[in-house]
Amino acid sequence: MISVVAVDLDETLLRSDGSVSPCTLTTLAAWEAAGQRLVIATGRPPRSARRIPEALLHLPCVCYNGAAVYLHGAPIYARTIPAHDTLFIVEQLLEAQVPGWIGIEIEDVLYINRRIEKWPHQYTPDLREAATRPAAKILLSMEDYQAASATFAAWPPSARALLSEKYNLAQIMPSGSSKATALRHLMELWGLAMEEMAAFGDDVNDVEMVAEAGLGVAMDNAVAEVKAVADRITASNDEDGVALVVEELLRG
C-alpha cells in the first residue's frame, strides 16, 4: 500500500511558470490530511528548494539530487565529494580551459568563476579558493563537461557525472548519491520500505527513484529514460499530472 509520495519540483510538481496549481495544492493537502506522508525530492540546493508555496515548506526535502536530506528544516543525511577531490576536479576543469562557467555547491552557497544571471551565486574568479571544502556538487554546461573530460583519464572514485540533455547541464555528484538512496534512508528512518512509496519525476536525476519506488510515475513531459522505468505515465506538469495520480491513490 502506498503511504508516501515523493515528488520532484521542476517540470514535475511545478508548472512551467514555477507555480503549483490550486488543484494540486488541494490534493496534496488531502493526502497529508489522510495521514500519509509527502516528500520533496529535487536537484535544487536547500535555498532554492524553499522557493515553493508556503503550504509545502514543512515537508521533508531531498536536495542536491540526493546528496542531502532535510527533516523539520534540519539536515539528517549528507554525502559530499571530499575536499581534496573537489580541488582535483576543479583543477582538471580549469586546466582544460573550458570556455563556459564552472560552479561548486558548498554548504548551500554556489561559487561560480563567471558572472551569470541564471542563478544567484558568489562570483569567485579563481575557484581554487573555494574548492578547499567538501562539495555537494560541481556544475558546468554539458558541452564544457564533454570537452574537458576528454582531456583526462577519469574522475576520482568519490565522484560521478550526471548529465541532463533537458537542461544542458553536467552535475558532478558524490558517488553513491541519488534521490533513491536518500529516500531509502528517509523511509528506513520511518520504518517503511520503498515499495510503499510513489515517486514522480521527469529527468535523468529521477530515474533511480522512479525505478525503485513501489509506484514509479513519469510525467508526460519526462525524458525517455524516466518513462522507460516508470510503472505509469501521467499528464504533464502543466496538466496537474501529480494530482491526478494522488487523487487515484486517495480513492484507493
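Predicted model: local features only at pLDDT ≥ 70, side-chain atom pairs only at ≥ 80, totals over all residues.
Local features were taken at pLDDT of at least 70 and side-chain atom pairs at pLDDT 80 or more, while totals for chains, interfaces and linings use all residues. Residues are numbered from 1 along each chain as its sequence is written, and side-chain values use heavy atoms, with hydrogens and water left out.

Pockets come first. A pocket here is an open set of points on a 1 Å grid over the protein atoms alone, where a 1.4 Å probe fits, with protein on both sides within 12 Å along at least five of seven lines; lining residues have an atom within 4 Å of a point. Volume is the space filled by probe spheres set on the points, which are joined across faces, edges and corners. On that basis the largest pocket comes to about 600 Å³. It is lined by 26 residues, and Asp-10, Gly-43, Arg-44, Trp-119 and Leu-169 are the closest to its centre. Two or more lining residues each come from helix H3 (46-49) and strands E9 (137-141), E10 (159-164) and E11 (169-174); helices (H or I, at least four residues) and strands (E, at least two) are DSSP runs numbered from the N terminus. The lining splits into 9 nonpolar, 7 polar and 10 charged residues, where Ala, Val, Leu, Ile, Met, Phe, Trp, Tyr, Cys and Pro count as nonpolar, Asp, Glu, Lys and Arg as charged, and the others, Gly among them, as polar.

The second largest pocket holds about 230 Å³. Of its 15 lining residues, Arg-50, Leu-57, Leu-59, Cys-61 and Gly-73 sit closest to the centre, and H3 and strand E3 (61-63) each give two or more. Here the classes come out as 11 nonpolar, 3 polar and 1 charged.

Thr-124 lies in the loop between E8 (122-123) and E9. This residue counts as buried because its relative accessibility is 7% (buried means under 20%, exposed over 50%, partly exposed in between, with a 1.4 Å probe and protein chains only). Beyond its neighbours within four places in sequence, Thr-124 touches Tyr-111, Ile-112, Asn-113, Glu-129 and Ala-130, contact being heavy atoms within 4.5 Å.

As for salt bridges (a side-chain nitrogen of Lys or Arg within 4 Å of a carboxyl oxygen of Asp or Glu), the count is 12. Asp-202 pairs with Lys-166, with the closest N and O atoms 2.6 Å apart. The partners are 36 residues apart, Asp-202 in the loop between E12 (197-201) and helix H7 (207-212) and Lys-166 in the loop between E10 and E11. Asp-202 is buried at 1%, whereas Lys-166 is partly exposed at 27%. Arg-184 and Glu-212 come to 2.5 Å, linking H6 (residues 179-189) to H7. Finally, Arg-47, Arg-50, Glu-105 and Asp-108 form a salt-bridge network.
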